[in-house]
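Biologist: Please take a close look at one helix in this model. Start with the ligand site and the overall fold, then walk me through the helix.

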Amino acid sequence: MSNLVIDDVSMRFDLPGGGAVQALKNVSLTLKQGELMSVLGPSGCGKTTLLNILAGFLAPTEGKIKLGDKRVTGPSPERGMVFQQGALFEWMSVRDNVGFGPSMKGMAQKQKREIVDHLLDVVGLSQFKEKAVYELSGGMQQRVALARCLANEPEVILMDEPLGALDALTREKMQGLVLKLWKETGKTVILITHSVEEALLLGERLIVMAPRPGRIHREYNLPFADMGVGRDLREVKKHEDFGKRREEILSMIWEMEEEIMGGAEQ
Ligand SMILES: Nc1ncnc2c1ncn2[C@@H]1O[C@H](COP(=O)(O)OP(=O)(O)OP(=O)(O)O)[C@@H](O)[C@H]1O
């Protein structure tokens, strides 16, 4: 069981013209294997910076990240990333995109085919194996991105606004798919979103971050992700507590945004 530990992480960006931005300050958090956490917060509070540090794309200026016993010092297939869009190989078929990681590992053709077929079945794209990525809709492309990430057998899946570019209906379907994959695979998942509803639906833990410096402002443990597995998510949204939490968090973020705007106008 590999816990993901964020241990007193701070990140400062030195600016070329002098000065610095404190993007994160003293962020600490432990995620148990298999936990699903969503991250919300106003623009500039350090969400993407935190995800990039977890992915190993950035080294924190202070503190450390550990996955199990291992310290994170760079990117690795054990921490898979799903971006908003544009991270697929457009000219390759769906099958080759999903099989890319296993190919890089030198996996035998037969085993690779089995893994790819299974994952395309899981994400509902078995009929589209031979299509080129550019022939698919945005929602289908994100299904490919999820399958491609899973093909690397990551322990942790990091998602940066993975559903942000989709229309409302497709987004809702994909939220259901994320819940299904989370439950079926037992992976640890961290998902950044700008949507309060999505964060409530897709976070058994939810953190709200605050800016200047980027830090954890509030943390919630929520029942809605578990409730939503295999269910119509619209039913979950009708839950009385869902509405209450949505209003509470919306007001919290609204106030932070107002403060930022106030600061910017001075
Ligand atoms: N490479 C960089 N150099 C300088 N400043 C940076 C760099 N990357 C991020 N920042 C700054 O760090 C802060 C946090 O940025 P980050 O992109 O992590 O925020 P965010 O919460 O993901 O924002 P958004 O919701 O708008 O995507 C911002 O003030 C941003 O301008």
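Modeller: Two elements, β2 (20-31) and α1 (47-55), each supply at least two residues of the shell around the ligand. This is a predicted model. Helix α1 gives the largest share of that shell, three residues. The ligand is surrounded by F13, V21, A23, G41, S43, G44, C45, G46, K47, T48, T49 and G214. By class, that makes four nonpolar, seven polar and one charged residues.

Now the fold. The protein has 10 helices and 10 strands. Its C-alpha trace spans about 60 × 45 × 35 Å along the principal axes. The radius of gyration is 19 Å; a compact globule of 266 residues would have one near 18 Å, so the two agree. Buried residues make up 39% of the 266 residues. Among contacts with a separation of 6 or more, 70% join residues 24 or more positions apart.

Next, the helix itself. Helix α4 covers residues 109-122, 14 residues in total. From first C-alpha to last it reaches 20 Å, close to the 20 Å expected at 1.5 Å a residue. Its buried residues are K112, V116, L119 and L120. Seen down the axis of α4, these buried residues fall within an arc of 100°, so they line one face of the helix. The background is simple: an α-helix has 3.6 residues a turn, so residues three or four places apart point the same way. On the other side of α4, K110, Q111 and D121 are exposed.

What covers the buried face? The cover over the buried residues of α4 includes α2 (94-98), α3 (100-104) and α5 (138-151). After the helix comes G124, with a positive phi near 75°.

Setting aside neighbours within four places in sequence, K112 is in contact with G99, P102, S103 and M107.

K112 and G46 are 66 residues apart in sequence and 37 Å apart in space, C-alpha to C-alpha.

To recap, α4 has a buried face that includes K112, and exposed residues including K110 on the other side.

Key
Residues are numbered from 1 along each chain as its sequence is written. This is a predicted model: local features need pLDDT of at least 70, side-chain atom pairs count only at pLDDT 80 or more; totals for chains, interfaces and linings use all residues. A residue is near a molecule or strand if its C-beta atom, placed from the backbone, lies within 6 Å of it. Helices (H or I, at least four residues) and strands (E, at least two) are DSSP runs, numbered from the N terminus. Ala, Val, Leu, Ile, Met, Phe, Trp, Tyr, Cys and Pro count as nonpolar, Asp, Glu, Lys and Arg as charged, and the others, Gly among them, as polar. The radius of gyration is taken over C-alpha atoms; the globule rule is 2.2 Å times the number of residues to the power 0.38. A residue is buried if 20 or more other C-beta atoms lie within 10 Å of its own, exposed if 12 or fewer, and partly exposed in between; C-beta atoms are placed from the backbone. Two residues are in contact if their C-beta atoms, placed from the backbone, lie within 7 Å. The expected span of a helix is 1.5 Å times one less than its number of residues. The arc is that of the directions from the helix axis to the C-beta atoms.
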